[in-house]
Amino acid sequence: MDPNGSEQVPEIKEYSSVCVGREDDIKKSERMTAVVHDREVVIFYHKGEYHAMDIRCYHSGGPLHLGEIEDFDGRPCIVCPWHKYKITLSTGEGLYQSINPRDPSSKPKWCSKGIKQRIHTVTVDSGNIYVTLSHEPFKCDSDYYATGNFKVIRSSS
């Protein structure tokens, strides 16, 4: 509380869009990395759509920009190269397979762990790719590895 007796409202950061590259370049490589407002992100181009997320895996900081994209249960996911965690490109959900232990004949099915990886917005304007960081107020597991000592991309400044 401030001295005037009114409560402080938590500040929600609004980030401006940052140009991270050219559309032609990402379409060739299908991925790129960038630092956006001191946060490392990876941008994927997959089946005509752009996706951006924190570069380090929520589980133990694995380098998602080195992972492969595979479909699981009809959802494109980046597979972390360190421990094979599967993260949906569109929502950041962690996926896993589960079976009913009481029914040995049951088939494994894909389930969600919930949103684990922070997803960011990608826009295209005049051939330029822009990333706007998420300002969703919830705590996301990937936040732990997104800045500070875990950074792998060095800023030019």
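## A tour from the cysteines to the sheet

Select C140 to begin: with a relative accessible area of 2%, C140 counts as buried (buried means under 20% relative accessible area, exposed over 50%, and partly exposed in between, with a 1.4 Å probe and protein chains only). The model is predicted, so local features need pLDDT of at least 70 and side-chain atom pairs count only at pLDDT 80 or more, while totals for chains, interfaces and linings use all residues. Residues are numbered from 1 along each chain as its sequence is written, and side-chain values use heavy atoms, with hydrogens and water left out.

Next, select C77, which is buried at 0% relative accessible area. The structure contains zero disulfides, a disulfide being a pair of cysteine sulfur atoms within 2.5 Å.

**Aromatic rings**

Rings of Phe, Tyr and Trp (its six-membered ring) pair if their centres lie within 6.5 Å; planes under 30 degrees apart count as stacked, over 60 as edge-to-face and the rest as tilted. By this rule there are four aromatic pairs. Select Y45 and Y50: their ring centres are 4.8 Å apart and their planes stand at 45°, so the pair is tilted. Both Y45 and Y50 are buried.

Move to Y144 and Y145, whose ring centres are 4.8 Å apart with planes at 90°, so this pair is edge-to-face. Which of these two residues is buried, and which exposed? Y144 is exposed, at 53% relative accessible area, whereas Y145 is buried, at 12%.

Then display R118 with F138. The charged end of R118 sits over the ring of F138, 5.0 Å from the ring centre (the criterion is NZ of Lys or CZ of Arg within 6 Å of the ring centre and within 35 degrees of the ring normal).

Switch to a cartoon view. The chain has two helices and eleven strands, which are DSSP runs numbered from the N terminus (helices H or I, at least four residues; strands E, at least two). Five strands form an open sheet in the order 5-6-7-8-9, with antiparallel pairing; two strands pair if DSSP finds at least two bridges between them. Strand 5 (68–72) and strand 9 (109–115) stand at the edges with a single partner strand each, so one side of each has no neighbour in the sheet.

Inside the sheet, select residues 86–88 (strand 7) and 93–98 (strand 8), which run antiparallel and are joined by two bridges. I87 has G94 of strand 8 as its bridge partner.

**The whole chain**

Finally, colour by accessibility: buried residues make up 39% of the 157 residues in the chain.
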